[in-house]
Amino acid sequence: MKAPRVKPINDSVKKNESASEAMIELRGVVKRFSNAAGEFTVLKGVDLTIDRGEFVSIVGKSGSGKSTLLNMVTGIDHPTDGHVVVNGSDIYTGVTESQRSKWRGKNLGIVFQFFQLLPMLTLLENVMLPMDYVDLYDFDERPARAMELLKLVGLEKFANKLPVLVSTGQQQLAAIARAMACDPPLLVADEPTGNLDSRSADTIIQLFEGFVAQGKTIVMVTHDPSLTSRTNRNIIISDGELINETISKSLPQLRHRHMLEFTKIAEEHIYLPHETIISRDQNIDYFFMIRKGEVDVVLEDKKKKESLVSRLQAGEFFGEMELLRGGKSIANVRAGDQPVEVLALPRADFIRVLDESPVTADAIRKIVQSRLEAHKVADQRSTMP
Amino acid sequence: MSSSIIELRNVSKTYSTAAGDFTALINVNMNILAGEFLGIVGKSGAGKSTLLNMINGVDQLTSGEVIVRADNENISIHTMSEDARASWRGKKMGVVYQSFQLLPMLTLIDNITLPMDLSDNYKPRESKERAMQLLQLMELEEHAYKLPAFISGGQQQRVAIARALANDPPILVADEPTGSLDSITADHIFEVFEHLITDQGKTIVMVTHDVGLVSRFSRSLTIADGELLSEAVPDTKLNQGRKK
């Protein structure tokens with residue numbers, strides 16, 4: 001893996017951003033808290049890369065470490081070990097709190113569940129506030145820029161109202177306008193819709209989609225499934241560790257602790273274009289999940305004529321039929337026109353976890369059933385004279 | 001006998017909604033006495049937050065008058081322009097809400113300095129010193145340079161109260177300030193309020209739905225359907241000095 005190019009934060013004015021760089025890089029991030037009960041490790045060596053322009057949701061149970069993870073990115077908290085590089089700056093190495101605070105003002109917009117508007121300031125004044133801390137806009141242009149942002153979120157009519165006189169959904173929209181005040185490339189949100197009705201939540205997610213379309217990067221912690229379905233990447237954290245995204249995509253019904261277990265034992269295999277992954281009549285020892293590339297499932301008739309039964313994409317899996325039903329492969333499985341990366345899970349582990357996770361077992365059985373039917377149809381065709 | 005610091009005369013508030021007019025306050029008359037801890041108690045929708053927004057001039061009234069007599073001024077606050085009222089409020093009234101609304105990116109001391117910097121009442125150096133004194137009052141001085149995320153909810157609410165006191169207003173208005181706190185933490189907030197009344201001579205008006213809190217106030221008023229119903233003066237330590 002390419003090591004991140006790291007620049008000292010205090011040189012950020014001189015920094016020469018390249019569009020290919022990741023927006024966020026976490027390398028070996030560990031966070032330990034000590035309290036009366038002893039030491040507690042909240043993040044256990046997290047590696048994570050988020051590219052520019054990604055719209056990412058982070059989910060996890062209460063206490064899984066998701067808010068701590070977000071606090072590492074915003075510079076609100078400090079890692080015990082490891083590096084955090086955001087927009088090209090290593091934000092914890094040789095940086096004082098006030099330098100970080102300045103950096104944050106230019107690079108980050110932050111939205112919280114409870115909107116943190118100042119009660120004694122109007123919506124317009126609240127939106128102008130971050131501009132007072134960052135010297136990016138002339139004093140005279142600040143009100144006009146704040147009004148533009150309020151227009152963007154549909155609140156221009158309420159610009160001169162105090163927060164208490166508008167609805168909670170409108171307060172959150174104003175908080176989002178404030179987060180965008182200094183035009184940051186990265187927006188970070190912690191449960192931004194946690195306190196809102198579904199209609200207000202939808203307005204906010206549409207707004208976020210608009211920001212992403214403009215090239216902004218958005219990372220949000222949420223447990224609202226209607227939000228996670230709209231982001232283009234979903235990261236799950238369980239007990240302070242990230243779950244392999246191929247596993248969570250392939251087996252979304254699995255419990256988080258099982259996903260984490262799979263993350264630790266799955267093997268990475270790479271196949272060249274058209275390379276055979278499984279041959280017909282071969283015993284199968286693995287459950288396969290596709291990380292990258294396409295996989296062809298092919299049947300052969302007696303005259304060795306092939307027919308394509310299905311073409312599987314990233315996030316799909318194979319090998320499950322034989323593992324569940326027992327017996328040998330009923331088809332040839334091979335890489336498509338591009339190299340294929342798969343995660344392979346040993347048979348015994350796969351069976352054991354399915355025994356513990358009836359929901360997943362059920363879901364996989366349904367997929368097996370429909371695939372068997374497809375194969376039957378294909379098999380008849382391919383064995384026809 | 002204490003004098004009236006806030007007087008409401010025939011205050012009514014009607015909202016126009018798609019479903020028609022809705023009257024949130026009907027002809028409210030009341031006096032708030034200097035140095036009292038007044039509780040306004042009512043169920044959700046009773047009009048208590050609307051009443052508070054009339055008292056602090058955050059919202060416009062439909063008819064009537066609110067007169068505030070603080071620092072030798074006698075002002076009918078709703079006759080002022082919006083801007084004038086905002087600047088008046090900044091000096092005379094501190095406001096505390098259920099959610100603490102501290103700015104997450106500013107340290108506690110910077111959160112408290114902010115209203116002073118915005119009002120120009122204090123020089124930057126003075127405002128820093130004053131913020132530290134307020135943190136001491138709240139027993140939070142050791143956390144002065146922490147961000148809000150690193151202190152408890154109860155501590156955040158104390159910082160919000162310190163911020164409300166930044167410009168040394170004679171009146172503090174609070175809307176469910178203990179609404180999201182556990183009872184022990186809420187107790188601590190009440191101790192702070194009691195101290196502000198007995199030792200600093202502040203007047204506090206607090207709105208709550210929690211009838212169980214009535215005994216904490218020096219006087220409480222019940223509101224229902226936009227009208228004031230009953231008055232209670234419990235025998236609390238806040239009243240003992242007054243009754244002598």
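**View 1. Ser4(B) stands opposite Leu33(B) in β2(B).** This close-up comes from a predicted model, in which local features need pLDDT of at least 70, side-chain atom pairs count only at pLDDT 80 or more, and totals for chains, interfaces and linings use all residues. Residues are numbered from 1 along each chain as its sequence is written, while chains are lettered from A and ligands numbered from 1 in the order in which they are written. Strand β1 (residues 4-17) of chain B pairs with β2(B) in the antiparallel sense over ten bridges. Strands here are DSSP runs of E with at least two residues, helices are runs of H or I with at least four, and both are numbered from the N terminus; two strands pair if DSSP finds at least two bridges between them.

**View 2. An open sheet in chain B has the strand order β2-β1-β4-β5.** Its four strands pair in antiparallel fashion. β2 (20-33) and β5 (75-76) of chain B each have a single partner strand, so one side of each is left without a neighbour in the sheet.

**View 3. In chain A, β15(A) and β16(A) form a hairpin.** Six bridges link the antiparallel strands β15 (residues 295-300) and β16 (residues 306-312) of chain A. Look for Glu300(A), whose bridge partner in β16(A) is Glu306(A). Five residues lie between the strands, and Lys304(A) in the turn has a positive phi of about 65°.

**View 4. Here chain B meets chain A.** On chain B, 17 residues are in contact with 16 residues of chain A (C-beta atoms, placed from the backbone, within 7 Å). Helix α2 (residues 82-92) of chain B gives the largest share of its side, three residues.

Technical notes
Two residues are in contact if their C-beta atoms, placed from the backbone, lie within 7 Å.
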